[in-house]
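Please look over the model below before reading on. The report then takes its parts in turn.

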Amino acid sequence: MFMNRCLFLPFVVLLLLSCSSPKKETQKQPSQEQPASVLNRPSFSSDSAFSFVKQQCEFGPRVPNTSAHDNCAEYLVEKLKSYGLIVTTQKYTATAYDQTVLNGTNIIGQLHHEMDKRIVLFSHWDSRHVCDNDNLENRNKPVMGANDGASGVAVLLEVARQLQIEKDSVGVDIVFLDLEDYGQPSFETDEKKDTWCLGAQYLARNPYYDKRPRKGILLDMVGASSPYFGFDQISLNYAESLLQEVWSAAHSLGYTTSFIPNVSGAVLDDHYYINTLAAIPTIDIIDYNQNRGFPSTWHTINDTPDNIDKKTLQMVGEVLLRVLREK
Ligand SMILES: [Zn+2]
């Protein structure tokens, strides 16, 4: 499953070379030399995106089988409808690692349903039932999921709002996946297979579309300060050209210190099942590297809105809009 790193090196060199132009300096002091790609920065409001993070968290942790989860689902459906998307839901049950029967809802919004050429954007909207990366005292508490869940959804809601405002959009499907984060805790020793990403597994086995998206982008944990968005190995294996395209778009906007064109590790996330079961080439923009792992608030009680950095929401939103505009 893992690609030989040596095969990958020429591309790294290419991107590093392409980043050697003084884009960061020109970004601070706009001048006539500034590349048009930086000047024509996509319109994206991080204030708006941050308000979407807070609104989700105000329901409480969106743990499956709770009223917070039900209420947030309604909110997300209405939000997408208010931006002119055609919204459908997939409701299903799935059995968790501990035999809990979970009620799941995947929420699908489609913009320009008539267009054949489509791209799908994913994020999971549920939050984890346990803080199993925290100390013993907090381990049975649910995760608020401001970063792990709400941040990706918030960026996609703001993207939807912007696409509605601007006219020349492509066909876009926005899919909020459920039941991503109810997987088996890491401290359990009898490891079970496929306990994470239950909503993505359902969606991949039960396609929602009549016009199949050509590619997909998953957002997960896109709200912490100083993010490290590297090349996830699974994304590289299944959708290398899209990875190049997205990281190039990020670099054209000057985000060279956050979008790092190096392999950051392999993350088993929703995109794994979209790639392997639905065969839609899909990448994961996720804050992770194999040296420091996920952001420090990951699966702890500190994954709250006060630890969200609007600058990170802004950069990811701009990158997505740049990629969509270039379609
Ligand atoms: Zn998680």
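The sections below cover the basis of the model, the overall fold, the cores, the zinc site, the hairpin and some backbone angles.

## Basis

This is a predicted model: local features need pLDDT of at least 70, side-chain atom pairs count only at pLDDT 80 or more, and totals for chains, interfaces and linings use all residues. Residues are numbered from 1 along each chain as its sequence is written, and side-chain values use heavy atoms, with hydrogens and water left out.

## Overall fold

The chain holds 10 helices and 8 strands. These are DSSP runs numbered from the N terminus: helices are H or I with at least four residues, strands are E with at least two. Of the 327 residues, 59% are buried. Buried means under 20% relative accessible area, exposed means over 50%, and partly exposed lies in between (1.4 Å probe, protein chains only).

The chain exposes about 13700 Å². Carbon and sulfur atoms supply 51% of that area. Accessible areas come from the Shrake-Rupley method with a 1.4 Å probe; for residues, only the protein chains shown count as cover. Among contacts with a separation of 6 or more, 80% join residues 24 or more positions apart. A contact means heavy atoms within 4.5 Å.

In soluble globular proteins, nonpolar side chains tend to be buried together. Here the largest nonpolar core has 62 residues. Helix α6 (residues 146–165) gives the largest share of this core, 10 residues. A nonpolar core is a set of buried Ala, Val, Leu, Ile, Met, Phe, Trp, Tyr and Cys residues joined through side-chain atoms within 4.5 Å.

F176, I217, F259 and I285 have the most contacts inside the largest core. Beyond its neighbours within four places in sequence, I217 touches several residues, including I119, V120, L121, L242, V246, I285 and V323. F122 is also in contact with I217. A second, separate core of 16 residues includes F122, A200, A204 and I274. I274 is also one of the buried residues of helix α9 (residues 270–277), along with D270, H271, Y273 and N275.

## Zinc site

Which protein atoms are the donors of the zinc ion? They are D148 (OD), D181 (OD), D181 (OD) and H299 (NE2), at 1.9 to 2.5 Å from the ion. Donors are N, O and S atoms within 2.8 Å of the metal (3.2 Å for Na, K and Ca); water is not among the atoms, so sites may look incomplete.

Along the chain, the donor spacing is D-x32-D-x117-H. D148 sits in helix α6, while H299 lies in the loop between β8 (282–286) and α10 (310–325), 151 residues apart. D148 is buried because its relative accessibility is 2%. H299 is also buried, with a relative accessible area of 2%. The 4 donor atoms subtend angles of 57 to 149°, so the arrangement is irregular.

## Hairpin

β1 and β2 form a hairpin with 5 residues between them. The two strands pair in the antiparallel sense over 10 bridges. Strands pair if DSSP finds at least two bridges between them. T88 has I108 in β2 as its bridge partner.

## Positive phi

Most residues other than glycine have a negative phi. Q99, in the hairpin turn, has a positive phi of about 75°. Q99 is exposed, with a relative accessible area of 59%.

L179 has a positive phi near 55°. L179 lies in the loop between β4 (171–177) and α7 (198–205). L179 counts as buried because its relative accessibility is 0%. A279, which follows α9, has a positive phi near 55°.

Key: Tetrahedral: all angles 85-135°; square planar, octahedral: opposite > 155°, others 65-115°.
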